[in-house]
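Hi,

Here is the structure I promised to pass on. Please open it first; my notes follow below.

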Amino acid sequence: MPKNKGASRKTRWGIPKRVVEGFAKRDLRHLGWIHESGFYKKPRGNLRYGTEFRSRTSLMAKPAKKGERLFLHTHPERAATANCALPSFNDLRGLLTMYKEYGINTWVISRVNEKGEEIGRTFLKLRIKDEKKVNQLIGYMERLERSLKDMDIEEREKRLEIEAHKLFRKWRSDKLLSVKFIPMQGYRFDERIDDFVSVREGSVKSRR
Ligand SMILES: [Zn+2]
């Protein structure tokens, strides 16, 4: 990661941080817990709220607008996904389908703690341009999901998260996906639990 980009990133992402935390803190006030929220972004533009439906553990995004290249969504603390700062099965599929439909090639997972503060962001950039390859990957994921359809829902969800973890590692090592973990100030990414943790408190707090 180039070291001299820090300052510009901080400026560019200062407004998104306020936007994301604004939503999270409003959720806390009105609902008592934080829902996931999703946003689109044009290069050098601000975040545009782009959610049709959202809950604590999932969201349905509205369609992207022309020129938008990035989709950011939050993974609040106590989300259902065990993958924490990593993409869920639906995230990986969304990354592929949004690329196909709108040319969105960057997904950002924003980790939000129980106080509504952003603690880190995971940047996922799809490195494939070939639509045939994208379709192949979507096909693989659909077959995988179909093969589990007779499973009990809870079991299936768990299994899909495990599969997502495997796919994430494979795509990353095959260079289909580039990944960057950007902790907020006072946090670091802990590879052992795949999550951002406070520099001071260590990793125990985030373990569930
Ligand atoms: Zn997600």
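Start at a strand pair: lysine 41 stands opposite leucine 47 in β2. Before the rest, two remarks on the model. Residues are numbered from 1 along each chain, as its sequence is written. The model is predicted: local features need pLDDT of at least 70, side-chain atom pairs count only at pLDDT 80 or more, and totals for chains, interfaces and linings use all residues.

Helices (H or I, at least four residues) and strands (E, at least two) are DSSP runs, numbered from the N terminus. Two strands pair if DSSP finds at least two bridges between them.

**Strand β1**

β1 and β2 pair in the antiparallel sense, over three bridges. Their hairpin has five residues between the strands, and arginine 44 there takes a positive phi near 65°. β1 also pairs with β5, again antiparallel, over four bridges. In that pair, tyrosine 40 has phenylalanine 71 of β5 as its bridge partner.

Strand β1 (residues 38–41) is covered on both faces. Gly38 and Tyr40 are buried on one side, Phe39 and Lys41 on the other. Buried means that 20 or more other C-beta atoms lie within 10 Å of the residue's own, with C-beta atoms placed from the backbone.

**The sheet**

Six strands form an open sheet with mixed pairing, in the order β2-β1-β5-β6-β7-β8. β2 (47–49) and β8 (177–183) are at the edges with a single partner strand each, so one side of each has no neighbour in the sheet. On average, neighbouring strands are turned by 25° against each other, direction ignored. Axes here are lines fitted to C-alpha atoms, for helices over the stretch in contact; angles run from 0 to 180 degrees between N-to-C directions.

β6 (residues 106–112) and β7 (residues 118–126) pair in the antiparallel sense over seven bridges. Threonine 106 stands opposite lysine 125 in β7.

**The helices**

Helix α2 (residues 89–102) packs on the sheet and touches β5 (70–76), β6 and β7. Its direction makes about 50° with that of β7. A contact needs two C-beta atoms, placed from the backbone, within 7 Å.

α2 also packs against helix α3 (residues 131–147), at an angle of about 145° and with the axes 10 Å apart. Arg93, Leu96, Thr97, Tyr99 and Lys100 in α2 meet Glu131, Val134, Leu137, Ile138 and Met141 in α3. By class, this contact has six nonpolar, one polar and three charged residues. Nonpolar covers Ala, Val, Leu, Ile, Met, Phe, Trp, Tyr, Cys and Pro; charged covers Asp, Glu, Lys and Arg; the others, Gly among them, count as polar.

Best wishes

Key: Buried ≥ 20, exposed ≤ 12 C-beta atoms within 10 Å, placed from the backbone.
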